[in-house]
Amino acid sequence: MTTGEKIQKLRKSNSMSQEQLAEKIGVSRQAISRWELDVSKPDTENIMQLGKILNVSTDYLLNDKVERETDIPIVQETSRKLKKRHTIAIMLMFAVFIAVVVVTIITKTLHFAMAIFTIAFFVLIGYLLYLSIRFLRSFFR
């Protein structure tokens, strides 16, 4: 997909006319039209503004081989790292759950086990939220 096709697709998905997008960037409607038709390409400053307005990276806009944001190598690497961390967190939660069950069976005290489980659960939720926020921030840098 070309830069122009991406700009047009993103503009339409954001329910913007060429004129509205042009106004936000500070160019003419004809400039937007030329970009979308691939007659010309936006300069660096306009690409940066387009990325911010349309909520995509400049890599996505400029690289014709990139069809989706997830095709960008750094996004793929970050995604792999997060999947690995999520898997570790889930395995940790499962281990804590097993430990709670074992402690409950051995001590026959559900209150202690539930306290441990509750703490572990909130630690896991906090960790997953932290990872999610870091992942989302990587798109808006």
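Trainee: What makes the nonpolar surface patch of about 670 Å²?

Mentor: Phe94, Phe97, Ile98, Val101, Val102, Ile105 and Ile106 make it. Patch residues have over 30% relative accessible area and no salt bridge, with nonpolar side chains joined within 5 Å and like charges within 9 Å. This is a predicted model, so local features need pLDDT of at least 70 and side-chain atom pairs count only at pLDDT 80 or more, while totals for chains, interfaces and linings use all residues. Side-chain values use heavy atoms, without hydrogens and water, and residues are numbered from 1 along each chain as its sequence is written.

Trainee: Why is Ile106 called exposed?

Mentor: Exposed means over 50% relative accessible area, buried under 20%, and partly exposed in between (1.4 Å probe, protein chains only). Ile106 has 65%, so it counts as exposed. Ile106 lies in helix H6, residues 73-107; helices are DSSP runs of H or I with at least four residues, numbered from the N terminus.

Trainee: What makes Asn55 exposed?

Mentor: Its 51% is over the 50% cut-off, so Asn55 is exposed. Asn55 also has a positive phi of about 60 degrees without being a glycine, and is in the loop between H4 and helix H5 (58-62).

Trainee: Which residues of helix H3 are buried?

Mentor: Ala31, Ile32, Ser33, Trp35 and Glu36. They pack against helix H1 (3-13), helix H2 (18-25) and helix H4 (44-54).

Technical notes:
Areas by Shrake-Rupley, 256 points an atom, 1.4 Å probe, with all protein chains shown as cover. Salt bridge = Lys/Arg side-chain N within 4 Å of Asp/Glu carboxyl O. Helix = DSSP H or I, 4+ residues; strand = E, 2+ residues; numbered from the N terminus. Contact = heavy atoms within 4.5 Å.
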